[in-house]
Amino acid sequence: MKLRIVLQFVLILVIFNLNAQIVNKSKLDSFFSFLNEKNKTMGSISISKNGKQIYSNAIGFCAINSQLKLPANGESKYRVGSVTKTFTATMVFQLIEENKLALSVTLNQFFPQIPNASNITIGNLLNHRSGLSDFINDTNYSEWTSKPRTKVEILNFLSKGKVLFSPDMAMQYSNTNYLLLGYIIESITGKSYSENIRSRITDPLKMNHTYVGVEINPSKNECYSYAYNGVWEQREERDMSMPGGAGNIVSTPNDLVVFITALFNHKLVSDSSLKKMKSIKNGIGMGLNEYEFNGVIAYGHLGGIDGFSAVMGYFPMDSMAISYTTNGQFYALKDIMLGCLAICFNKPYKLPSSSILVRKDILEKFIGDYTSEQLPVKIKITMKDSQLYAKFKGEEPFKLEAKGNNKFSYEEGDIQVVFNADTNEMTMRQVGKVFLFRRKGK
């Protein structure tokens, strides 16, 4: 889920008028073949219209190491992170329709130990207006996800979280909200979150490749995640007990387009409930987010967890669904989707640019620890094998791709960096915002 902050600012689904009836499959195939050959991404895509699949593709590997090379295919399964939230919200509205819950019910009826629980409603949890801090920002988060945790342990952990504001006074995206909603579903039904997913969504829709994730097993066509550092290197795998209803689902793009199409065709909740899910404040709904370009609206969700990323969206005016899941990126997710949609609807698109080589003596001038007065973060710049790497505190290092002698980018995070060795400064541009960093001790 750590990519969510970057991805929330990136509208990647609603770019074009989706009136096209024919998808140029050969161009799409060429686009994804290029991404595959240049090691820009590994993943799987599915597009459907009127409930029928019109395109699918899979590139890269589900697992790759010295002992195993398992190519990805249409049934390869990926952790989809916060796309899980749409599943959780759907089940909450199912319970509301069964008169077992209401948006006005307060959290203290289930978990009074959570801070400010008596004032936080189910509605506040659904639209991220509870004021509860996000558990992934806790300094102990990495330790907590290193091994399985019980519900009692996790609730105790959440009970020590901060209250950022009074309910409904602001919006702050927080995974804590949906972790608690998942537990509430379990409390009401007396069944596990996994059992509810099966009985309420995946079994009725015959989504045979969607379930709550556990330890990754490639023999079941489950993908590991990777970072590209000259070769694809396997990333750390965290335990899935902590993400819960906020991000613990494993799925395929084919299943995800089935799910969101069924949701918008009222096969899972009523029209009244769907309208509430689409009720938008500050760009956030109740399990669905709204994306708009030139008056064209789409609804869906983005997800990211442990090097996996996913996107799922639905265009109501055109009865069209799209999903892309990836277990390895060296090219920004938004640009993959923009290229894909440009081809689908006969719009211009650019292929990813290639990096250039920069002399080692030039790169050495940029190494160091950088801080900014604009952001409470520190960035450590290092060099390995004549390549620059950047590292945020508590995160894994990522490679900066050279675009010039002092210009670099990290396309997965939509980050551009410019170094000035003479002033010991680094300028970072991300989603249209510019931040100035200065090298410590210089």
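Predicted model: local features only at pLDDT ≥ 70, side-chain atom pairs only at ≥ 80, totals over all residues.
Local features require a pLDDT of at least 70, side-chain atom pairs count only at pLDDT 80 or more, and totals for chains, interfaces and linings use all residues. Residues are numbered from 1 along each chain as its sequence is written, and side-chain values use heavy atoms, with hydrogens and water left out.

Helices (H or I, at least four residues) and strands (E, at least two) are DSSP runs numbered from the N terminus. Two strands are taken to pair if DSSP finds at least two bridges between them. Strand 1 (residues 41-49) and strand 2 (residues 52-59) run antiparallel and are joined by 7 bridges. Within this pairing, isoleucine 47 stands opposite tyrosine 55 of strand 2. The two strands form a hairpin with 2 residues between them, and asparagine 50 in the turn has a positive phi of about 55°.

A barrel is closed by 8 strands in the order 14-15-16-17-18-19-20-21, with antiparallel pairing. Neighbouring strands of this sheet are turned by 30° against each other on average, direction ignored; the axes are lines fitted to C-alpha atoms, and angles run from 0 to 180 degrees between N-to-C directions. Strand 15 (residues 378-384) and strand 16 (residues 387-392) pair over 6 bridges in the antiparallel sense, and threonine 382 has tyrosine 389 in strand 16 as its bridge partner.

An open sheet of 3 strands has the order 5-9-6, again with antiparallel pairing. Its edge strands, strand 5 (78-79) and strand 6 (211-212), each pair on one side only. Strand 6 is joined to strand 9 (residues 249-251) by 2 bridges, with tyrosine 211 opposite valine 250.

Because 10 of its 12 residues are buried, helix 11 is largely enclosed by the rest of the structure. Buried here means under 20% relative accessible area (1.4 Å probe, protein chains only). The buried residues include Lys334, Ile336, Met337 and Gly339. Asparagine 346, which follows the helix, has a positive phi near 55°.

A nonpolar core is a set of buried Ala, Val, Leu, Ile, Met, Phe, Trp, Tyr and Cys residues joined through side-chain atoms within 4.5 Å. The largest has 62 residues, and Phe87 and Leu107 have the most contacts inside it. A second, separate core of 26 residues includes Leu28, Tyr291, Ile336 and Met337.

Terms used: Buried < 20%, exposed > 50% of the residue type's maximum accessible area, 1.4 Å probe, protein only.
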